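Please find below a colleague's note on the structure shown here. The points may be read alongside the model.

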Amino acid sequence: MSDSEMSRVVPLRQADGQSMTVEASAQERAALARRFAIVSVDSLSADVALEREGSEVAVSGRLAAEIVQTCGVSGEDFPVRIEEPIALRFVPEVVRSVPDEEIELEEAELDEIEYSGDAFDLGEAIAQTLGLAIDPYAEGPNADAARREAGIISDEAPSGPLADALRKLRDG
C-alpha cells in the first residue's frame with residue numbers, strides 16, 4: 001500500500017475506538033533521517049486515539065521525537081526534542097475528473113489525508129507530522145559564537161542613524 005519508510009497500515013474496520021502507540025524501529029528512524037536530511041532520528045513514537053465516523057477516521061494524540069540536526073550557522077550537530085500534537089482525519093479518496101485541476105481547500109480540510117481501499121497508513125501520517133515539525137532553520141547553541149567569529153555580529157551596540165533613532169524611541 002505504501003512506500004513509506006514507516007508504514008503502519010490500519011484496516012478501516014479496526015479503527016473505531018482504538019488507542020495505539022506507534023514506535024519507529026532503528027531502521028525506520030535511519031530512513032526518516034535520510035528523507036528529512038537530518039543527522040539522525042534517535043527516537044520517534046506517537047500515542048494516538050482513532051475514532052471512526054463512517055468512512056472517515058479522526059486521529060488525535062501526541063508525537064514525541066529526539067532528533068539531531070546540523071546548525072546552519074556553526075555546522076555543529078545538536079540535539080532537538082520535538083513534542084507535537086497530532087490532529088488529523090483520514091477521508092476516502094475523491095476521484096477528480098481533471099487530473100491537474102487546481103483544488104481549493106477550506107481551512108477545516110487542511111488536516112485531511114485521503115486514502116483508498118479499506119485501509120490507511122497511519123505510520124506515513126506520523127512521519128509527515130515529524131517532517132513538518134522539524135525546523136529547517138534551527139540553530140545550535142554555538143550559532144551566535146560562530147557569527148561573532150565570522151564577524152557577522154559583534155558585542156558592540158549597533159550604531160548609525162537607524163540604530164540611534166530606534167534607541168531614542170525605546171528609551172523615550
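1. The structure contains 10 salt bridges, a salt bridge being a side-chain nitrogen of Lys or Arg within 4 Å of a carboxyl oxygen of Asp or Glu. Side chains of opposite charge can pair when their charged atoms come close. One of these salt bridges joins the side chains of R8 and E28, at 2.7 Å from N to O. The pair connects distant parts of the chain, 20 residues apart: R8 belongs to the segment before β1 (9-11), and E28 to helix α1 (residues 26-35). Helices (H or I, at least four residues) and strands (E, at least two) are DSSP runs, numbered from the N terminus.

2. On the basis of the values: this is a predicted model, in which local features need pLDDT of at least 70 and side-chain atom pairs count only at pLDDT 80 or more, while totals for chains, interfaces and linings use all residues. Residues are numbered from 1 along each chain as its sequence is written, and side-chain values use heavy atoms, with hydrogens and water left out.

3. Which strand pairs with β3 (residues 40-53) in the antiparallel sense over 13 bridges? The partner is β4 (residues 56-70); two strands pair if DSSP finds at least two bridges between them. S40 stands opposite V68 of β4.

4. The hairpin of β4 and β5 has 6 residues between the strands, and G75 takes a positive phi near 80°.

5. Aromatic rings deserve a separate remark. Rings of Phe, Tyr and Trp (its six-membered ring) pair if their centres lie within 6.5 Å, and the count by this rule is 2 aromatic pairs. F90, Y115 and F120 form one aromatic cluster.

6. The largest pocket has a volume of about 260 Å³, the volume being the space filled by probe spheres set on grid points joined across faces, edges and corners. A pocket is an open set of points on a 1 Å grid over the protein atoms alone, where a 1.4 Å probe fits, with protein on both sides within 12 Å along at least five of seven lines; lining residues have an atom within 4 Å of a point. Its lining comprises 14 residues, of which L88, A125, Q128, T129 and L132 lie nearest the centre. The elements giving two or more residues to this lining are β5, β6 (112-115) and α2 (122-133).

Technical notes
Phe/Tyr/Trp six-rings, centres within 6.5 Å; stacked < 30°, edge-to-face > 60°.
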